[in-house]
Amino acid sequence: MIPWLQLDTAEVPDGGGQLRLMQRGAEFSIMAGSIELMNSRLSGSEKALATMVCARLRDRPKPHVLIGGLGMGFTLRAALAELGPDARVTVAELVPAVVAWARGPMAEIFAGCLTNPRVSIREEDVSGPIRAGRATFDAILLDVDNGPEGLTREANDRLYDSAGLNAARAALRPGGLLAVWSSRPDQNFTQRLRKAGFGVEEARVRANGGRGGARHIIWIATNPEVRPPGPARHRPV
């Protein structure tokens, strides 16, 4: 058995603890304490987060997608494979070291996607571009923490509370999609999405992309199309 080697550590801003980058042969893992947040051998649900959404954007001209969390780049690469040459993908990553790992020890996994001309990387909390956006994005993909219940950083909760969901809806164009990855179901979050005015679908996908293994949850929430008001009706006098 090849032992795990710790390559680097990084502090998560705002007291979110420490991340560790581990390697065993060609396999990489990012850990938060004793909890594995992601593994280079398990990418099925992260890819599905992008493919399930971006397939619905094919008929949109110049779609703009915001991805919250770079991770190991599986969602980013899947989005680029699904989207056309006129698309834009903005990735917001809170921890600068994660971007450095992508360009350094994990560069082979990222396969050059960070230099793709359709991609821009922002080293900041994804809540920034969400709250600044006004009908800016065709899709927002959130793979932040372990889902709607913050595990590594309490500040992540503000993405998933009522105010955060209202901000996401405001940042989406009419008919835009908010997709959220989670390691487990959360019925309270499903209800919050509906109360925020989204149409909600919930999908269970395999972590490894095959038939076996753990199931993860992806919510796909649709911002309703805005219909222009009809002609004013005058009451007879």
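Tutor: Let us begin with the crossing: α1 passes α2 in a right-handed crossing, a term used when the near helix is turned clockwise from the far one by less than a right angle, anticlockwise being left-handed. The residues of the contact of α1 with α2 divide into 6 nonpolar, 2 polar and 3 charged. Here Ala, Val, Leu, Ile, Met, Phe, Trp, Tyr, Cys and Pro count as nonpolar, Asp, Glu, Lys and Arg as charged, and the others, Gly among them, as polar.

This is a predicted model, in which local features need pLDDT of at least 70, side-chain atom pairs count only at pLDDT 80 or more, and totals for chains, interfaces and linings use all residues. Residues are numbered from 1 along each chain as its sequence is written, and side-chain values use heavy atoms, with hydrogens and water left out.

On the side of α1, the residues Glu46, Lys47, Leu49, Ala50, Thr51 and Cys54 meet Phe74, Thr75, Ala78, Ala79 and Glu82 of α2; contact means heavy atoms within 4.5 Å. The two helices, α1 and α2 (residues 74-82), pack at an angle of about 30°, and their axes are 7 Å apart. Therefore α1 is roughly parallel to α2, since angles under 35 degrees count as roughly parallel, over 145 as roughly antiparallel, 65 to 115 as roughly perpendicular and the rest as oblique. The axes are lines fitted to C-alpha atoms, for helices over the stretch in contact, and angles run from 0 to 180 degrees between N-to-C directions.

Lys62 has a positive phi of about 50°, although it is not a glycine. Lys62 counts as exposed because its relative accessibility is 61%; exposed means over 50% relative accessible area, buried under 20%, and partly exposed in between (1.4 Å probe, protein chains only).

As for the whole, the chain holds 8 helices and 11 strands, where helices (H or I, at least four residues) and strands (E, at least two) are DSSP runs numbered from the N terminus. Of its 237 residues, 49% count as buried. Among contacts in the chain with a separation of 6 or more, 67% come from residues 24 or more positions apart.
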